[in-house]
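Keep the picture at hand and try each task before you read on.

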Amino acid sequence: TDLGSGGYYPGGGAIWLVVSETLRDDGEISARGNPSASGGSIYVTAHTLSGAGMFNANGGSLFGSGYFQGPGGGGRVALYYDTSSFVGIAQAKGGCGSYDGFSSTCADKGTVGLFDMTNNDLHINSSWRFQKNDGPFNFNHILVTNGAHVTTENAVSITSADVLLDVGSSFFLSAQDRVTIPH
């Protein structure tokens, strides 16, 4: 529920939706950051999630007007649902731009988590960080896809029946972390 931080322009806003029945997204729900500002946050709790739209908390592009300000980092998206037929996109990409007109520079991705409350599964398709103050973590399945980069804070405990990593995705533990996968 945090706002994005601003640079020259304001950061993305904060959207919090609590839907007792169906949230159908066939358009765009956006907390996108303005140029040089980070994306905001989208927090959804719904019984059913459907549609083919987009949840967007992307950071803003690099801004240059006499001087350059870097691109904004991605924001946060958390979608909690009991059932889902959603086939759209949930993203929190970092903004990009060019300082020299030839090469591109991009800010870091934000976090995107899809929480299947019925099956107790977590699907991560962007960056994610397990933080100690949010734990302990107990999931049936953790799916890390789409080149997502997952990290942990020190002394985090995660329990899951399995952790599935898609090609190009990564899951890094700090020295004191533990992932327990019961057989």
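**Exercise 1: The disulfide**

Cys96 and Cys106 form a disulfide, with 1.9 Å between their sulfur atoms. A word on the model: it is predicted, so local features need pLDDT of at least 70 and side-chain atom pairs count only at pLDDT 80 or more, while totals for chains, interfaces and linings use all residues. Residues are numbered from 1 along each chain as its sequence is written, and side-chain values use heavy atoms, with hydrogens and water left out.

Task: Find out how many disulfides the structure holds, and describe the link of Cys96 and Cys106.

Solution, step by step:

1. Start with the rule: a disulfide is a pair of cysteine sulfur atoms within 2.5 Å.
2. The structure holds one disulfide.
3. The link of Cys96 and Cys106 is right-handed, with 105° about the S-S bond.
4. It joins distant parts of the chain: Cys96 lies in strand β9 (residues 96-97) and Cys106 in strand β10 (residues 105-106), ten residues apart. Strands (E, at least two residues) are DSSP runs, numbered from the N terminus.

**Exercise 2: Buried or exposed?**

Task: Classify Cys96 and Cys106, then look at the cover of strand β11.

Solution, step by step:

1. Learn the cut-offs: buried means under 20% relative accessible area, exposed over 50%, and partly exposed in between (1.4 Å probe, protein chains only).
2. Cys96 counts as partly exposed because its relative accessibility is 34%.
3. Cys106 counts as partly exposed too, because its value is 46%.
4. Strand β11 (residues 111-116) is mostly covered, as five of its six residues are buried.

**Exercise 3: The partners of β11**

Task: Which strands pair with β11, and in which sense?

Solution, step by step:

1. Two strands pair if DSSP finds at least two bridges between them.
2. Strand β7 (residues 76-84) pairs with β11 in the parallel sense over six bridges. Here Leu79 stands opposite Leu114 in β11.
3. Strand β12 (residues 121-124) pairs with β11 in the antiparallel sense over four bridges. Gly113 has Ile124 in β12 as its bridge partner.
4. The hairpin of β11 and β12 has four residues between the strands, and Asn120 takes a positive phi near 55° there.
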